[in-house]
Amino acid sequence: MARLTHKTLVESGYKGFIQPDAPERVLQFGEGNFLRAFVDYFFDVLNEKEGFNGKIAMVQPIERGLCDMINEQEGLYTLYLRGSENGEAVMKKRVITSVSRCIDPYRDFNVFMDCAKNPDLKYIVCNTTEAGIAYSDADKFDDKPAKSFPAKLTRFMYDRFVAFEGKPGTGFVILSCELIDNNGRELLNCVEKYIKLWGLSDEFLKWIREENIFCSTLVDRIVTGYPRAEADKFNAENGYEDNLLDTGEIFGFWVIEGPEKLAEMLPFAKAGLPVLVTDDHTPYKKRKVRILNGTHTSMTPASMLAGEEIVRDCMKDSVIGAYVNKFIYEEIIPILPLPEAELLEFAGAVADRFKNPYIDHRLTDISLNSISKWRARVMPSLLEYTEKFGRLPSLLSFSLAALLRFYKGEERDGEFYGKGEKEYLIRDDKDVCRYFASLPWEDTVLAVKTALANADMWGRDLNEIDGLAEKVCAYINAIDEVGAKAVMESLI
């Protein structure tokens, strides 16, 4: 079977949008599954619907990557977006033609730097993992390339500055997609540190600040990547061999924090894409963290205690499904700052995402490091609800009780195991697991009050919240007496 290229794509009879040629207007640091199923998909639709007429030049961010494979396929790959919409399974296929090539700066440093001289280049996208936006004083200006991504970017932008003599209008819009708070601002901070470290000119620093827009963004799509078990089937159906097949959920949402003019420069919304340009992305991040991530973190310990293993199966269960809905609609949405209609629409999408028939989202994977996740994603909701309404929220309080009970485990062969309807592995730092195993569980009140008093774990003494310890103790005792699902049923 022939490899996917522009020639074989045409010969296969593909009827979708194809853009063989266009100027390179986007430089993308990262060539992995997420960017290809998210950003590159959005630009491909933008080319089709709004005539953006731009190709993406990828830059391989680490020494070993997909560069050769991408170039062998002339930047082409087949994307399958799959999920649940209004209770129905949906699958959409699209061959992505927005990528021109991939550059390996470790082998072809000069080819990478030549991109800085391209007058058509206007946008830089990056997703170099959470650890990617980091400063190191070991990076040198003359490294070919520097190790860290911000150092590579600084050197690239300096060559741009020199090539166009710092003229107005020659800067970039930088869209940072890393999963850290204020990713764009953090990236700018790193760039400014390298300017100081390398003794670069004040004029360059001024150009960086005045001619470039560093956008913090929020990205939201589960990308499941190469469909190993289905690849042969897809290739046979398509009539070509695609070693870059990619899969993800249908839901996608991209929030870009930047000036209004970006909505015209990048008319994603006009193309019917779920991309929002706003002057403040933080309310949308809060919405995602509290509704999507917070619900995952809250439901997982209780569901595992009830013997469940897959998120989709939890949503099918009449008790757990109703518990999740009540949790979102009655205790999370009422304390969020966005308009109710937007929150309800997002909540409905979350329910569909949890029911996705194409993703086996395992609770044991979600349960990893649940203590730190609960503190970041759920505890703020409990505190805000209590402050706003003057009473403890029942389901948020129960989520804390289920969390503590979930961590009641014993050590065997260096691993920690808990017991509900089934035995399960507790996945967290060994010191955290050991701490919970050492609590005086023979006295529930003492164990709970000891755990809640751990300010290093929670950032404060949770015993100070009036009535919380007593409520948590009552829930834990009920879990032990009748089971987690029965307690959830009593709460709905």
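Author: Happy to start with the ground rules: the model is predicted, local features need pLDDT of at least 70, side-chain atom pairs count only at pLDDT 80 or more, and totals for chains, interfaces and linings use all residues. Residues are numbered from 1 along each chain as its sequence is written, and side-chain values use heavy atoms, with hydrogens and water left out.

Reader: Thanks! Why are helix 22 and helix 23 called oblique to each other?

Author: Helix 22 (residues 468-482) and helix 23 (residues 484-491) pack at an angle of about 125°. Angles under 35 degrees count as roughly parallel, over 145 as roughly antiparallel, 65 to 115 as roughly perpendicular and the rest as oblique. The pair is therefore oblique. Their axes, which are lines fitted to C-alpha atoms over the stretch in contact, lie 7 Å apart.

Reader: What makes up the contact of helix 22 with helix 23, by class?

Author: Tyr475, Ala478, Ile479 and Val482 of helix 22 meet Ala484, Ala486, Val487 and Leu491 of helix 23, where contact means heavy atoms within 4.5 Å. By class there are eight nonpolar residues, no polar and no charged ones. Here Ala, Val, Leu, Ile, Met, Phe, Trp, Tyr, Cys and Pro count as nonpolar, Asp, Glu, Lys and Arg as charged, and the others, Gly among them, as polar.

Reader: Nice. Why does Tyr417 count as partly exposed?

Author: Buried means under 20% relative accessible area and exposed over 50%, with partly exposed in between (1.4 Å probe, protein chains only). Tyr417 has 24% relative accessibility, so Tyr417 counts as partly exposed. Tyr417 sits in strand 13 (residues 415-419), and beyond its neighbours within four places in sequence, its contacts include Lys408, Glu423 and Leu425.

Reader: How many cavities of 30 Å³ or more are there, and what makes a space a cavity rather than a pocket?

Author: A search of the whole structure finds three. On a 1 Å grid over the protein atoms alone, a cavity is a set of points where a 1.4 Å probe fits but cannot get out, whereas a pocket is an open set with protein on both sides within 12 Å along at least five of seven lines. The largest cavity holds about 70 Å³. Its lining (residues with an atom within 4 Å of a point) includes His296, Arg312 and Phe354, and helix 12 (311-316) and helix 14 (340-354) each give two or more residues to that lining.

Terms used:
Axes fitted to C-alpha atoms, helices over the stretch in contact; angles between N-to-C directions. Helix = DSSP H or I, 4+ residues; strand = E, 2+ residues; numbered from the N terminus. Points joined across faces, edges and corners; volume = space filled by probe spheres on them.
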